[in-house]
Amino acid sequence: MPPSKPPPSPRTRYVATRGVQEYRATIPHTVGADDVVLEVGCEWGTTTELIAPHCREVLGIDVSPACIERARQMRPSIRFEAIDAFDMRSILALGREFSKVYVDMSGFSGYASLLDLISLLSMYTHVLAPDTIVVKSQSLKQFARRCVVWGSPATQPKPQRSDAEDSS
Ligand SMILES: C[S@@+](CC[C@H](N)C(=O)[O-])C[C@H]1O[C@@H](n2cnc3c(N)ncnc32)[C@H](O)[C@@H]1O
């Protein structure tokens, strides 16, 4: 039997933000009326509530049951669940096709956690396949700013000046 083709790679865009103001400023530019949004690390749901009027549905998850309890009390119209960001089985059990994911986890902004963050983003990309993941991470933003993809216009060799141009 010929080997089966690998599934096409999902085209998820990552938006790296520094600080909560930038994280929240993305909302009107990123979230649309048809979107189903997941916020990971929602704490008491402050950002989740800001996302809500822009989309079809938003859900917040946090590893802390105490935060989720408080989020439910403060914002009863929004669904919040106590789930760890890496627990894909529980995230899939929410039964939604998330088109946007917002990620704001304490301890995930520094360089020491960059590899963990990238592996989380890869997992969400391949399992949830949202079109955009917005992340609050200063180190990811700094890292991304220095990255250039080989083969992109920025890496094309500059055209050589011809002899004719040299002598003019
Ligand atoms: C800075 S607070 C989030 C603030 C919130 N996003 C907002 O904009 O108001 C970070 C949250 O990440 C949560 N967190 C840390 N590790 C987590 C994990 N592995 N899974 C889910 N949530 C996590 C913490 O419990 C905390 O509530």
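This report covers the fold, the nonpolar core and the ligand shell of one protein.

The model is predicted: local features need pLDDT of at least 70, side-chain atom pairs count only at pLDDT 80 or more, and totals for chains, interfaces and linings use all residues. Residues are numbered from 1 along each chain as its sequence is written.

**Fold.** The protein has 8 helices and 6 strands. These are DSSP runs, with helices (H or I) of at least four residues and strands (E) of at least two, numbered from the N terminus. From that end the order is β-α-α-β-α-β-α-β-α-β-α-β-α-α. The C-alpha atoms fill a box of roughly 75 × 50 × 35 Å along the principal axes.

**Core.** Buried residues (20 or more other C-beta atoms, placed from the backbone, within 10 Å of their own) make up 27% of the 168 residues. The largest nonpolar core has 31 residues. Such a core is a set of buried Ala, Val, Leu, Ile, Met, Phe, Trp, Tyr and Cys residues joined through C-beta atoms within 7 Å. Val 37, Leu 38, Val 40, Val 101, Tyr 102 and Val 103 have the most contacts inside it.

**Ligand shell.** Around the ligand are 16 residues, each with its C-beta atom, placed from the backbone, within 6 Å. Gly 41, Glu 43, Thr 47, Ala 85 and Asp 104 come nearest.

Conventions. Buried ≥ 20, exposed ≤ 12 C-beta atoms within 10 Å, placed from the backbone.
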